[in-house]
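Thanks for coming, everyone. Please look at the structure on the screen, and I will walk you through it.

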Amino acid sequence: QVQLVESGGGLVQPGGSLRLSCAASGSIFSIYHQGWYRQAPGKQRELVAAIISGGSTNYADSVKGRFTISRDNAKNTVYLQMNSLKPEDTAVYYCKSVIRRYGQTLPADYWGQGTQVTVSS
């Protein structure tokens, strides 16, 4: 089995910063793409940032210049550094990793449990 465990969410004032972490564990042969998504109340889940195995990244226009995605391959962990946070960044943040397990031929999507980020004064 594979598990993704997120941490780092919380309440922060506008202009503040948070760092989210997502650690993958289990029978992992290889990790391909990893990404952070968010879902605000009444809205669809949206991609915030993604990083592929080669290290290339892409971001939603709404977070460019403020958020940074990175990964530590040795720890099977992906991070999301969020700076200059705005109230509209308030949402539940989910990580997703495309992982190939030992004994499996094809990779599959795995999701974290979600972590709440609230930006409010």
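Let's start inside. The largest nonpolar core has 29 residues. Those with the most contacts inside it are Trp 36, Phe 67, Leu 80, Met 82, Tyr 93 and Ile 99. A nonpolar core here is a set of buried Ala, Val, Leu, Ile, Met, Phe, Trp, Tyr and Cys residues joined through side-chain atoms within 4.5 Å. Buried means under 20% relative accessible area, exposed over 50%, and partly exposed in between, with a 1.4 Å probe and protein chains only. At least two residues of this core come from each of β1, β3 (18-26), β4 (28-39), β5 (46-51), β7 (67-72), β8 (77-82), β9 (91-101) and β11 (115-119). Strands are DSSP runs (E, at least two residues), numbered from the N terminus.

A word on the source. This is a predicted model: local features need pLDDT of at least 70, side-chain atom pairs count only at pLDDT 80 or more, and totals for chains, interfaces and linings use all residues. Residues are numbered from 1 along each chain as its sequence is written, and side-chain values use heavy atoms, with hydrogens and water left out.

Now the sheet. Four strands form an open sheet in the order β1-β3-β8-β7, with antiparallel pairing. Two strands pair if DSSP finds at least two bridges between them. β1 and β7 are the edge strands, and each pairs on one side only. β7 and β8 are joined by six bridges. One of the bridge pairs is Asp 72 with Thr 77 in β8.

Next, Glu 6. Where does Glu 6 sit? In strand β1, residues 2-7. Is Glu 6 buried or exposed? Glu 6 is buried, because its relative accessible area is 6%. A polar atom of its side chain lies 2.8 Å from the backbone nitrogen of Cys 95. Glu 6 and Gly 114 are 108 residues apart in sequence, yet their C-alpha atoms are 6.6 Å apart in space. Glu 6 also touches others beyond four places in sequence, including Trp 36 and Tyr 93. Contact means heavy atoms within 4.5 Å.

Last, two loop residues. Most residues other than glycine have a negative phi. Asn 76, in the loop between β7 and β8, has a positive phi near 55°. Ser 84, in the loop between β8 and β9, has a positive phi near 50°. Asn 76 counts as partly exposed because its relative accessibility is 25%. Ser 84 is partly exposed too, at 39%.

Definitions and conventions
Polar contact = N/O pair within 3.5 Å; in protein donor to acceptor, adjacent residues only side chain to side chain.
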